[in-house]
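User: I have a new structure open and have not looked at it before. Can you walk me through it?
Analyst: Here it is.

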Amino acid sequence: MRPAAFITGITGMAVVAGLLMAGEARLGGGTAGEETASAEATATAPADAAPEAGEPAAMSDDRAEMIARSTAPAAPSASGPGDGVAPQPADVPQQAETAGGQAASPATKKPMELARPAVENAGILSFGERRLQLAGIVPTPVDRICGPTGRQWPCGMMAKTALRLLLRNRSVICDLNTAEWKETITTACRLGTEDLGAWLAENGWAEAAAGSPLTSVAEKARQAGKGLYGDDPRRK
């Protein structure tokens, strides 16, 4: 009977030891599982998720710099010599893009034909209620008087007549954004290939506007005694 009791005791001790080891393994596996789940939740959490109350808000240096740049006002480029990047001015407007992604160009003037303008003076044409001033010159008033005392003559009226005789009720081509403008605009007009403003300046029937490219042309006409700077053409 003693050998049987000894064997039974050893078997019972082995069973107890096995149960203890199984319980320890289960406890260790549960902790590891919780740690794994926690790590997965942290890795898959949204980058902008708000931290729980009492937890420190962790943020990398790169993300902090990215946020600061996105909220700070644009600064001029500070590229130095040798950087290979040309500095861009901060106030250069960017072209707007259309729905197709192409840059939309600003509105440009186009040559448009205007039929039979009326001449108000040497520099202004009229089309009904609309007025058009020729670019590059100062319109000569109709009531302008030229010449020395005793030899004065109505040069303003003569200048108007000279332009009217040039046009002879023909259509002109003018650079416009639209043919339906309002009030008075200033632009270049041509009769065929003849620029009307340049023609008036070259023949002395109008003075050049300040800063106009026709300044030298008008000065040559003055020195030559043409138009406003000469004698009454009716006396010739």
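Analyst: One term to begin with: a salt bridge is a side-chain nitrogen of Lys or Arg within 4 Å of a carboxyl oxygen of Asp or Glu. Arg234 forms such a bridge with Asp232, with the closest N and O atoms 2.9 Å apart. Note that this is a predicted model.

User: Arg234 and Asp232, are they buried or exposed?
Analyst: Arg234 counts as exposed, because its relative accessibility is 54% and the cut-off for exposed is over 50%. Asp232 counts as buried at 4% relative accessibility.

User: How many salt bridges does the structure hold?
Analyst: It holds five salt bridges. One of them joins the side chains of Arg131 and Glu120, at 2.4 Å from N to O. That pair links distant parts of the chain: Arg131 is in strand β4 (residues 130-134) and Glu120 is in strand β2 (residues 118-121), eleven residues apart.

User: And how accessible are Arg131 and Glu120?
Analyst: Arg131 is partly exposed at 25% relative accessibility. Glu120 is partly exposed too, at 30%.

User: Which residue meets Glu207 in a salt bridge?
Analyst: Arg144 does, with a distance of 3.3 Å from N to O between the side chains. Here again distant parts of the chain are linked, as Glu207 belongs to strand β10 (residues 207-208) and Arg144 to the loop between β5 (137-138) and α3 (155-167), 63 residues apart. Glu207 has 30% relative accessibility and counts as partly exposed. Arg144 is partly exposed as well, with a relative accessible area of 26%.

User: Changing topic. How many disulfides are there?
Analyst: There are two. Counting bonded cysteines along the chain, they follow the pattern 1-2, 3-4. In general, a disulfide is a covalent bond between the sulfur atoms of two cysteines.

User: Start with Cys146. Which residue does it form a disulfide with?
Analyst: With Cys155; the two sulfur atoms are 1.9 Å apart. The torsion about the S-S bond of Cys146 and Cys155 is about 70°, so this disulfide is right-handed. Cys146 is buried with a relative accessible area of 6%, and Cys155 is buried with 0%.

User: What about Cys174 and Cys189?
Analyst: Cys174 and Cys189 form a disulfide with sulfur atoms 2.0 Å apart. This link is right-handed, with 110° about the S-S bond.

User: You mentioned β6 and β8. Where do β6 and β8 sit in the sheet?
Analyst: They belong to an open sheet of four strands, in the order β1-β6-β8-β9, with antiparallel pairing. The edge strands are β1 (110-114) and β9 (194-195), each pairing on one side only. As background, strands of a sheet pair through backbone hydrogen bonds, either parallel or antiparallel.

User: How many bridges are there between β1 and β6?
Analyst: Five, and the two strands pair in the antiparallel sense. To place the pairing on the chain, Glu113 stands opposite Ile173 in β6.

User: OK, now the inside. Which residues have the most contacts in the largest nonpolar core?
Analyst: Leu132, Leu196, Leu200 and Trp205, in a core of 33 residues. The elements that give two or more residues to this core are β3 (124-127), β4, α3, β6, β8 and α4 (196-202). Of these, α3 gives the most, with seven residues.

User: What does Leu196 touch?
Analyst: Not counting residues up to four places away in sequence, Leu196 touches Leu125, Leu134, Leu166, Leu167, Val172, Cys189, Arg190 and Leu191. Cys189 on that list is the disulfide partner of Cys174.

User: Last one: Asn121. Where is it, and is it buried or exposed?
Analyst: Asn121 is in strand β2. Asn121 counts as buried because its relative accessibility is 12%, and buried means under 20%.

User: What is Asn121 in contact with?
Analyst: Leaving aside neighbours within four places in sequence, Asn121 is in contact with Pro139, Thr140, Val142, Lys160 and Leu163. Separately, a polar atom of the Asn121 side chain lies 3.0 Å from the backbone nitrogen of Ile124.

Key
Residues numbered from 1 in each chain as written. Predicted model: local features only at pLDDT ≥ 70, side-chain atom pairs only at ≥ 80, totals over all residues. Heavy atoms only, no water. Disulfide = S-S within 2.5 Å. Buried < 20%, exposed > 50% of the residue type's maximum accessible area, 1.4 Å probe, protein only. Pairing = 2+ DSSP bridges. Core = buried A, V, L, I, M, F, W, Y, C linked by side-chain atoms within 4.5 Å. Contact = heavy atoms within 4.5 Å. Polar contact = N/O pair within 3.5 Å; in protein donor to acceptor, adjacent residues only side chain to side chain.
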